[in-house]
Amino acid sequence: MKEKSLFWKEHFWHGLISCCGLFVIVLTLAIGAFLVYKGSGTFTTYGHSIFEFLFSSDWSPVDSSKGGGSVGAAIFIVGSVSTCGLALLIATPFSLAAAIFMSEISPKLGTRFFRPAVELFVGIPSVIYGWVGLTTLVPAIRDLFDLNVGYSVLAAGIVLAIMIFPTITSVVTDAIKSVPNDYRKAAYGLGATRWQVIYQIVMPAAKPGVFTGIIMGLARAFGEALAVAMVIGRMRAFPTSILSPTTNLTAAIASDMGGSMDGGEYNTALWTMALLLFLISLLFIFIIHRIVGKGGVEKNESK
Amino acid sequence: MKANEKAKRVDRVMTWIFVAVAGFFILLLIAFALLVIGRGIAGFEPYMLSFTRDGIGNQLFNTVYLVVLALLFSVPLGIATGVYLAEYAKPGKVTHFLSICIETLSSLPSIVVGLFGYLVFIVMVGAQWNLVSGALAVSILNLPLIATTTKDAMESMPKGYRMGSMGLGATHWQTIRRVLLPACMPRILTGIILAAGRVFGEAAALLYTAGMSTDINWSNWDITSPTCPLNPFRPGETLALHIWASRTEAIRPDAAQIANFSSAVLLILVFAFSIGARVLGRRMERKLAGGK
Amino acid sequence: MMKKALVLGLAGAMLLGATGVVNAEEELSGSITGSGSSALLPLAQDAADAFKELHPDVSITLNGGGSGTGLNQVSNGSVDIGNSDVEAETKLEEDAAAELVDHRVCVVTMAAVVNKEVGESVTSLTKDQLIGIFTGEITNWTEVGGPDEDIVLITRPQTSGTRALFQEYALDGNEELSGGSLETDDSGTLLQSVADNPGAIGYVALPYLLNNDSVTAVAIDGVEPTLENTYNGTYPVWGYEHMYTKGEPSEVVQAYIDFIMSDEYGARIEEQGYGVTSKMTVER
């Protein structure tokens, strides 16, 4: 039995491995299909319009299969968008600066110390961020601004910003590093200062990578549930300022999904939110593909 | 010459800004870690380590056990998918679609995966909360990471490896199995450890799959018994979920301290894992290079 | 294995019935899972601990999540016991509710709680004031004789049984202001939020206040939320705590529920701030 047949040497494994690949496709499609199946009920079974779901702020779905409530999720959507927007606003400048520092200003310190440290923080569980936010940040915001409650868009934005900072930083650093060194040498040769090289040569060349990093950060922020739920306050009202509490999509799903009746209008509306989150993450991927597909610096060039 | 002077000044200012920002953030991260660990230690009482409902021993065990279970599913599937993409897949629509699928999986909000897991592994199967369902849900989340690491590692292998092996009459699979996979092992292993680190902290996907409570009996080793620690079909709360849940147990006066301590332990665990992955990866790479 | 143990346990229980030998119950083993009402959770947990001392081979895992969660999960079979503050009929479809068997294990009293700062001057509210506060008509504590502080409503989600009880008996059925309150998943978080935020008001079940002096309980129309006042019918905001099972419970689940309703455990029920059903002088 020393000499195995070609079947065992090749075809069997080829087939098995291909099946695994296929399985991943099936899995992804299954997740998508389930979400569509569960989430579309809001529009088919309960007859609400997509317009109502996206743009109305009247949220009072009935917790049974009778239906007849209203499912305007605009507050949740605005809550998600505003916290993530704020997080990006805070995190992006810092991330870009940190990435530039790591790759252009002090590569030695960057690769030796900074990079590993940042990557270490990519892995910190989000509940820890949430817990620290809840016990440290929320009271601090309350006292600092003399508010009644510290739960706020600001608290959620800061927690998310700290959370996505490592993600954006490491992607952007990769992008900057993949800018061919010849570009820099040529610019320095022409007498440019380091800032001029960074600002006028390196950053424009790394642009697609920078955007990819930002969108990946945004995707992570959008899908984060528990950390945000802990600090946002979960008040179902449009935020009037960054200091007011509001709620968001993931917090609503995390807290109410279990308690609402299976297949009821409330439950179905929550599934529609999950479907929306899924579609948004698809959108992000699409955007990244568009950015990368448009050219810019190819990854392999640096190798 | 004046423009040049100005440019130089701007350059100096910008450099300082970058140094300041980078320094600020690294300090912030360090302060964050110290805060978490410090608070954990400050509130520490020996009973917190016990394997009872007051301590977090059981949660710690559940976390590790769940990681092992999750890796049992995601490692074979992830490596196989990576191998398929790197070696067998012909460029075309299906392959392109597969890589989009992997990207989709990796960017799925974990709460969505948790809901999917709840629906499929709990409600449709008719089961109650259990560790296997949790592990399955989580393995959906770390599958993409393992698959991409494997694929990247395979693709970065020198062409000569493949040609040499096949030139000697090995089949494609034998080449993968005997030459490419062993050579890629350090990087794949690093990927796996990083993936494991993410499982440690996952909570949202487990909320409705693994359950939020634990009741096990350490003297019971009958694996079919629901109180046996090793029974994979029992509910089990992980550390991350425990932090989430301990806000809710305000009836216990020490809930905050327990959560602080759990956070510290979890943080140390995650750090240990990713530092371990790095060290191991480097060492294996060196060994491999030396053995050539 | 499990079947065998069950059969043995069943035989043991029969033996117990026949001869009255208490020790025969030691054979009991199996698992019990429960979820739902966070108002009932502390009692269920305590009873589980005591029950496990008698039957160490039984595994009991309990979760909170709210009455809706409990009813839902017991109805779709993902837990054995669904704990609820409200009748199953109010949350589930008729046919789903009909499958469930109700076990009224105790009585629970709900109390409005305020932040300590407010509690110094506001110790009692009339029902109208309470309704005004929770419907958003009264927005500052000065309007009810308190400090100059904005009122912060801290409530439970629509799926909560505590909320349903409070709404029905304290607010006379008036809907809470939607979109003006901070929602919290469970009573524990709610207490924490009320304690942390000046001007906050919320509501929890009495047992949560037993070992907790971080907030102040408010009397309604001058009647303190206590067990005596609940028993004699003067304090209106109370309800039965239900443990629902799908169909008749399995032997081990039945033993656990029987244990909670037994006289020997009754004393522990009051110690924890719940009411014993048999002591009620009024009925619902």
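Beyond its neighbours within four places in sequence, A:Ala274 is in contact with A:Leu35, A:Gly39, A:Ile253, B:Val112 and B:Leu115. The model is predicted.

A:Ala274 also belongs to the largest nonpolar core, which holds 260 residues. Within this core, A:Ala274 is among the residues that touch the most other members, together with A:Val159, A:Val231, A:Met273 and C:Val113. Helix 7 of chain A, residues 153-177, gives the most to the core. Its contribution is 17 residues. In soluble globular proteins, nonpolar side chains tend to be buried together.

Chain B was examined next. Nine helices and zero strands make up its secondary structure. Along the sequence the pattern reads α-α-α-α-α-α-α-α-α. The C-alpha trace of chain B spans about 65 × 65 × 40 Å along its principal axes. Chain B has 292 residues, and 49% of them count as buried. Among contacts in chain B with a separation of 6 or more, 79% link residues 24 or more positions apart.

Chain B is divided into two parts: domain 1 covers 1-42 and domain 2 covers 49-288. Their C-alpha centres lie 35 Å apart. Six residues from domain 1 of chain B and seven residues from domain 2 of chain B form the contact. On the domain 1 side, four of the touching residues are nonpolar, one is polar and one is charged.

How values were computed:
Residues numbered from 1 in each chain as written. Chains lettered and ligands numbered in written order. Predicted model: local features only at pLDDT ≥ 70, side-chain atom pairs only at ≥ 80, totals over all residues. Helix = DSSP H or I, 4+ residues; strand = E, 2+ residues; numbered from the N terminus. Buried ≥ 20, exposed ≤ 12 C-beta atoms within 10 Å, placed from the backbone. Contact = placed C-beta atoms within 7 Å. Domains from an automatic or database assignment. Nonpolar A, V, L, I, M, F, W, Y, C, P; charged D, E, K, R; others polar. Core = buried A, V, L, I, M, F, W, Y, C linked by C-beta atoms within 7 Å.
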